[in-house]
Every structure is written in structure tokens, then in C-alpha cells.
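Me: I'd like a close look at one part of this structure, the aromatic ring pairs. Take your time over it, and carry on from there if you like.

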Amino acid sequence: MEVRIHECLDELSTDLADQIEELCEESIKDHGVFAVAISGGSIISLMRKLSEAPYKKTIDWSKWYIFWADERVVAKNHVDSNYKLAKDNLLSKLPIVPSHVYSINDSLTAEEAASEYEFVIRQLVKTRVVNVSNISDCPKFDLILLEVGADGHVASLFPNHPVLEEKNEWVTFIANAPKPPPERITLTLPVINSAANVIMVATGGVKAEAVRMAIDDMDPECSVLPARMIQPSVGKLVWFLDVEAASKLTRFS
Ligand SMILES: O=C1O[C@H](COP(=O)(O)O)[C@@H](O)[C@H](O)[C@H]1O
């Protein structure tokens with residue numbers, strides 16, 4: 001695990017864009033594509049530098065395939081939609097091939113949409129657009145980008161929720177998220193932990209306690225915090241924090 005702490009959000013955004021570009025180059029060199037799962041929340045605005053110079057020109061966008069680590073069960077034009085957030089603030093500014101954007105179907109029930117999304121990913125694993133893990137049967141995304149909530153949730157994996165126990169499904173649904181909207185679809189822990197790279201982002205003092213529990217605290221109770229359960233089996237985990245989110249860390253001060 002690597003932890004990068006930044007003085008300001010601008011510096012964090014630049015480092016995040018540099019890191020994404022580096023991982024993208026490695027993936028394309030290795031297997032010709034870059035399969036990335038993104039989240040909602042402020043991570044999208046922190047990725048904004050990708051749509052600016054030099055990244056917009058230097059990155060090979062034609063090789064990008066976009067997925068969602070989680071989605072809320074709302075229409076794609078709803079203010080709560082993670083797709084809408086990413087489309088309006090990032091994807092519409094990047095020359096990504098439209099057919100490479102795999103949003104979650106918003107015309108189905110949560111259960112149907114989760115199962116359809118898993119089917120879509122299974123097809124892409126068969127055609128090797130998405131790699132497969134060599135230690136499980138899970139897909140191996142080149143990069144999964146997650147933002148940690150103040151309660152320690154990531155994607156739609158919430159603390160003390162039975163969804164954390166899901167071992168078989170790649171994509172599942174929940175109907176009772178403690179944060180609205182209640183119905184959501186999410187990649188499961190085994191899939192996230194099979195990724196080649198996971199980036200976790202947290203900014204602001206409101207996230208400091210969750211960050212401490214995820215990174216620093218040895219209390220066994222913290223081991224069930226979703227953010228702490230993100231431990232890629234063979235992949236690399238990098239945390240991007242600002243000083244406020246890192247303010248309760250002792251190991252990295
Ligand atoms: O609900 C969600 O929250 C997280 C980020 O948490 P926030 O409290 O900082 O907004 C987000 O990454 C996730 O994709 C989303 O659905």
C-alpha cells in the first residue's frame with residue numbers, strides 16, 4: 001500500500017492524473033487496452049485534469065474502456081446518477097469511443113441491472129477486453145477508482161451491510177443503502193480486490209476518521225470497515241489524500 005498526501009486539491013489532481021496516465025501506458029503496453037471502473041462523488045472533479053493539457057493529448061483514449069464501480073438506481077439524467085456526474089464533468093470532455101462506455105442499464109430493476117451488468121462484464125472477459133484474475137475467476141480491471149465516504153463506505157459497499165459478505169457475484173444490488181438513494185448496484189469486494197490497481201481517494205476533514213480506521217488503526221473492529229477491506233490480492237493499492245483527510249494518521253505524519 002502506498003499513501004500520498006497532498007497540500008492542496010490542485011496538487012492532488014495533478015498527481016492523480018499522472019498516476020492514471022502511467023497505469024494506462026503500462027496496461028496498453030501489456031495487453032492493448034485500459035479497462036477502468038470509476039465511482040461517483042468528488043473523485044470525478046479530482047480527475048478533471050485528464051481533460052486538460054497535456055493529458056488530453058498524450059493519453060491514448062481510444063484504448064480506454066469505462067465501467068462503474070457502483071451506480072444508483074435512478075434515471076441516467078437524474079442528479080443522483082453516477083453516470084450523469086461522470087458524463088457531464090469528465091467523459092463528455094474526453095475523446096473516449098462511445099461504445100467503450102459501459103454504463104449500467106437504468107431501465108431495469110436493481111436486481112436485473114446488476115445481473116445484466118455482470119453478464120456484460122463476463123462477455124468482455126471472454127473477449128479479453130477485461131483481463132481475468134490468475135488467482136480467482138474474477139475479472140481483473142486494470143484500474144478501479146474509489147472514493148471513501150465519511151462512514152468508510154466505498155462504491156456501494158456500506159459498513160455492516162450483508163453486501164460485504166458477497167463472494168460469488170461479480171456485481172450485486174442493495175435496496176437499503178444508508179445514504180440515499182437506497183437502491184444501488186455495485187461491484188463486489190472479490191472483484192475490487194482482484195483489480196490490477198486500485199486508487200482510493202479521500203479529501204476533507206470529514207473523512208479523516210474513516211481514513212484513520214482504514215489505514216492506521218489496529219483495532220479489530222476496523223477490519224470490517226469497507227475502506228479497510230479493500231486489499232487487492234496481487235494488485236497495487238494507492239491512497240490519494242489531502243492533509244485534512246490525512247490529519248488523524250500517525251503512521252504517515
Ligand atoms: O454514494 C457514493 O459515495 C461515494 C463517495 O462518498 P461521498 O460521501 O464522498 O460522496 C462514491 O464514491 C460512490 O461511487 C457513491 O455511489
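Reply: There are five aromatic pairs in this structure. To count, the rings of Phe, Tyr and Trp (for Trp, its six-membered ring) must have their centres within 6.5 Å; planes under 30 degrees apart make a pair stacked, over 60 make it edge-to-face, and the rest are tilted. One of the pairs is Phe-34 with Trp-64: the ring centres are 4.9 Å apart and the planes sit at 75°, so this one is edge-to-face. That pair links distant parts of the chain, 30 residues apart, with Phe-34 in strand E2 (residues 34-38) and Trp-64 in strand E3 (residues 64-68). Strands here (E, at least two residues) and helices (H or I, at least four) are DSSP runs, numbered from the N terminus.

Before going on, a word on ground rules: this is a predicted model, so local features need pLDDT of at least 70 and side-chain atom pairs count only at pLDDT 80 or more, while totals for chains, interfaces and linings use all residues. Residues are numbered from 1 along each chain as its sequence is written, and side-chain values use heavy atoms, with hydrogens and water left out.

Strand E3 has a hand in another pair, with Phe-67 in E3 and Phe-141 in the loop between strand E6 (139-140) and strand E7 (143-147), 74 residues apart.

Some rings have a charge over the face, meaning NZ of Lys or CZ of Arg within 6 Å of the ring centre and within 35 degrees of the ring normal. Lys-76 sits over Tyr-83, 5.5 Å from the ring centre, and Arg-122 sits over Trp-170, at 3.8 Å.

Then there's an open sheet of three strands, ordered E4-E9-E8 with antiparallel pairing; strands pair if DSSP finds at least two bridges between them. Strands E4 (70-72) and E8 (171-174) are the edges, each pairing on one side only. From one strand to the next, the twist averages 15°. E8 and E9 are joined by four bridges, and Phe-173 stands opposite Ile-185 in E9. Helix H5 (residues 110-126) packs on the sheet, touching E8 and E9, and its direction makes about 165° with that of E8. Those angles run from 0 to 180 degrees between N-to-C directions, with axes being lines fitted to C-alpha atoms, for helices over the stretch in contact.

Arg-184 is in E9 (residues 184-187) and is buried, at 1% relative accessible area. Leaving out residues up to four places away in sequence, Arg-184 touches, among others, Asp-70, Glu-71, Phe-158 and Phe-173, where contact means heavy atoms within 4.5 Å. A polar atom of the Arg-184 side chain also lies 2.8 Å from the backbone oxygen of Pro-181.

Methods
Buried means under 20% relative accessible area, exposed over 50%, partly exposed in between (1.4 Å probe, protein chains only). A polar contact is a pair of N or O atoms within 3.5 Å; within protein, one must be able to donate a hydrogen and the other to accept it, and residues adjacent in sequence count only if both atoms are side-chain atoms.
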